[in-house]
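This report covers the ligand site and the pockets of one protein model. The sequence and structure come first.

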Amino acid sequence: MRQFLSLRDHEQVTALAAQGLQLRQQPRAFAQLGAGLTMGLLFFNPSLRTRLSTQKAAQLLGMDCLPLDFGGQAWGIERAKGVVMDGDKAEHLIEAAGVLGRYCDVIGLRAFPSLSDREADYAESLLREFAAAAGVPVVNLESATRHPLQALADLMTIQQYRAPKPPKVVLTWAPHPKRLPQAVPNSFAEWMLAAGYELTIAQPPGYELAAERTAGARIEYDQDRALAGADFVYAKNWSAYGDYGHCPAVAEDWQLTATKMARTQGGKFMHCLPVRRNVVVSDAVLDGPQSLVLEQAENRVYAAQAVLKNIVEQLKSTSS
Ligand code: CP
């Protein structure tokens, strides 16, 4: 694996998830693989799980880590091409990425979308411009439209718990007080469909995701009907893709409750975290035995470790 920006960088999703689950059994089996290599962890936005799970994953492979927050710790970054930099931004992305590429062998980058310019967000221009200027493998730690490390951890969690038959998976929109990106649901849909799972996406009208990310999923506008017989229920809020970044009014209550979960087939509850209690999901579901949210969070370490292991092996094979 040369980089990990999206599903396209490793289409054997179930094999990669199996590698992650193997690493969960023996996390220190490759403790020297990355010795002498440095991982940069760069954040334009806040994070708890992604920051710490990726740092832990790199350390389990023997790598050193250089974390940096762009919001406060570093110079303000300019991205526009040909710009006269006489404003408040002191450094261009081209130099920042180039310098970081000199300090690091692998770079993880988190950069959320504008939610105002759909074309620019879906072009993933920041992630791609950064990767080109850095010149080293880049790992997507949640970009404008994708969160592949989360989706890999989610797939691992489903593989851990699923019955022998292919699981019935439901991704349901849920309420939230803020406008959120489509990155998590986009990647979850892509990875579930790539794994060959039966995926239903339940959402209120106006919240349809990009068709190219969800082709093959069943679309439902009735949450109760979608939940019937589900093995796994993934709740997540997202803002509209059509009326981009907006949040059309929703008449019904889409919060996931124990009553709604009773419609499933003993279904497990999933969420990427952080989660708004009693807005997205009720305490009873989140604290109940069907909740897998901590398993998902734990699997973030081994998902990142599987990805980094593949990248380090590729780096070593090309340098030898
Ligand atoms: N799920 C997830 O990405 O969590 P953080 O935003 O805390 O990294």
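Which residues surround the ligand?

## Ligand shell

In this predicted model, the ligand is surrounded by Ser47, Leu48, Arg49, Thr50, Arg110, His147, Gln150, Cys272, Leu273 and Arg300. Sorted by class, this shell holds 3 nonpolar, 4 polar and 3 charged residues.

## Polar contacts and cover

A nitrogen atom of the ligand is 3.0 Å from a backbone N or O atom of Cys272. On its own the ligand has 260 Å² of accessible area, and the protein covers 93% of this.

## Largest pocket

The ligand takes up the space of the largest pocket, whose volume is about 590 Å³. Its lining has 27 residues, and Arg110, Phe112, Leu180, Leu273 and Pro274 are the closest to the centre. Helices α2 (49–60) and α7 (183–194) each supply at least two lining residues. The lining divides into 11 nonpolar, 8 polar and 8 charged residues.

## Second largest pocket

The second largest pocket holds about 440 Å³ of space. It is lined by 25 residues, with Phe44, Arg79, Ala111, Phe112 and Leu126 nearest its centre. At least two lining residues come from each of β3 (77–78), β5 (106–110), α4 (118–122) and α5 (125–134). The most come from α5, which gives 3. By class, the lining has 13 nonpolar, 5 polar and 7 charged residues.

Technical notes
Residues numbered from 1 in each chain as written. Predicted model: local features only at pLDDT ≥ 70, side-chain atom pairs only at ≥ 80, totals over all residues. Heavy atoms only, no water. Near = heavy atom within 4 Å. Polar contact = N/O pair within 3.5 Å; in protein donor to acceptor, adjacent residues only side chain to side chain. Areas by Shrake-Rupley, 256 points an atom, 1.4 Å probe, with all protein chains shown as cover. 1 Å grid on protein atoms, 1.4 Å probe; cavity = no way out; pocket = protein on both sides within 12 Å on 5 of 7 lines; lining within 4 Å. Sits in = over half its atoms within 2 Å of the grid points. Nonpolar A, V, L, I, M, F, W, Y, C, P; charged D, E, K, R; others polar. Points joined across faces, edges and corners; volume = space filled by probe spheres on them. Helix = DSSP H or I, 4+ residues; strand = E, 2+ residues; numbered from the N terminus.
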